[in-house]
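Here are my notes for someone opening this model for the first time. Keep the structure beside you and go through the points in order.

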Amino acid sequence: MSRSSRKPHRSANAPDPEKVGAAKGEVRAVYEDLAARPAERDCQSRTECCRFRLTGRTPQLTRGEALVAAAGWRAAGRKGIPEDNASDGACPFLGKNGRCGIYRDRPFGCRTHFCAAAGGMLERAAIIDLIRRLETVDETLGGDGPKPLLNAISEVWDDVTKSGKRKG
Ligand code: SF4
């Protein structure tokens, strides 16, 4: 077979682009529905919740959330995911300017685990329907449940990069 007649390589495990697109759409719809809930919170961008050593909690992402977060990170032209080497335990996506590098696409946990100053964590009962929707997306994508933020995004990074190349 000549080089020019070869089709782009797609592994047996490569995700179906249509399925991925639908999954990202549903995750973003969940985020919009959450934002529309009448939960009074006052985030002052202290970014304490972005310092995992301080909070003792790392956001756990389903596969769909990871795809959205990775796509958001890549959309700004980033070629790779950041290293987890902050000496203060800060999230790798927290910029030196103190702002989240994927704010619009930040995971569900970052939208619900507010610090005490912002009003505290949302009760699970108030958002369980949204959690179930994210779990359903995870199953659709063949995920195996939530994973720590950097692990989850690392797992999907190659897929997001390849899908970006396919779209040009
Ligand atoms: S993803 Fe963004 S909002 Fe979430 S912990 Fe990291 S820097 Fe903070």
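1. Ala, Val, Leu, Ile, Met, Phe, Trp, Tyr, Cys and Pro count as nonpolar, Asp, Glu, Lys and Arg as charged, and the others, Gly among them, as polar. Please also keep in mind that this is a predicted model, where local features need pLDDT of at least 70 and side-chain atom pairs count only at pLDDT 80 or more, while totals for chains, interfaces and linings use all residues. Residues are numbered from 1 along each chain as its sequence is written, and side-chain values use heavy atoms, with hydrogens and water left out.

2. With that in hand, look at the ligand. By class, its shell has 10 nonpolar residues, no polar ones and no charged ones. The residues around the ligand are Cys50, Phe52, Cys91, Phe93, Leu94, Cys100, Ile102, Pro107, Cys110 and Leu149 (a residue is near a molecule if one of its heavy atoms lies within 4 Å of it).

3. Where does the ligand sit? The space it takes is the largest pocket. A pocket is found on a 1 Å grid over the protein atoms alone, as an open set of points where a 1.4 Å probe fits, with protein on both sides within 12 Å along at least five of seven lines. A molecule sits in a pocket if more than half of its atoms lie within 2 Å of its grid points.

4. Now the overall layout. The secondary structure of the chain comes to six helices and two strands, in the order α-α-β-α-α-α-β-α along the sequence. Helices (H or I, at least four residues) and strands (E, at least two) are DSSP runs, numbered from the N terminus. Of the 168 residues, 37% count as buried; buried means under 20% relative accessible area, exposed over 50%, and partly exposed in between (1.4 Å probe, protein chains only).

5. Helix H3 deserves a look of its own. At 1.5 Å a residue, the 13 residues of H3 (residues 63-75) should span 18 Å, and the end C-alpha atoms are 18 Å apart, which agrees. The expected span here is 1.5 Å times one less than the number of residues. Following H3 is glycine 77, whose phi is positive, near 85°.

6. Is H3 enclosed or open? It is largely enclosed by the rest of the structure, because 10 of its 13 residues are buried. Those buried residues are Gly64, Glu65, Ala66, Leu67, Val68, Ala69, Ala70, Ala71, Gly72 and Trp73.

7. A salt bridge here is a side-chain nitrogen of Lys or Arg within 4 Å of a carboxyl oxygen of Asp or Glu.

8. What else does arginine 63 pair with? It forms a salt bridge with aspartate 159, the closest N and O atoms being 3.7 Å apart. Aspartate 159 is in helix H6, 96 residues from arginine 63. With a relative accessible area of 19%, aspartate 159 is buried, whereas glutamate 155, at 40%, counts as partly exposed. Arg63, Asp144, Lys147, Glu155 and Asp159 are linked in a network of salt bridges.

9. The structure holds nine salt bridges. Another one of them joins the side chains of arginine 133 and aspartate 33 (2.8 Å, N to O). Arginine 133 lies in helix H5 (residues 124-140) and aspartate 33 in helix H1 (residues 17-35), so the pair ties together parts that are 100 residues apart in sequence. Arginine 133 is partly exposed at 24% relative accessibility, and aspartate 33 is partly exposed at 33%.

10. Finally, go back to leucine 149 from the ligand shell. Leucine 149 is found in helix H6 and is buried, with a relative accessible area of 1%. Leucine 149 and cysteine 91 are 58 residues apart in sequence and 8.7 Å apart in space, C-alpha to C-alpha.

Key:
1 Å grid on protein atoms, 1.4 Å probe; cavity = no way out; pocket = protein on both sides within 12 Å on 5 of 7 lines; lining within 4 Å.
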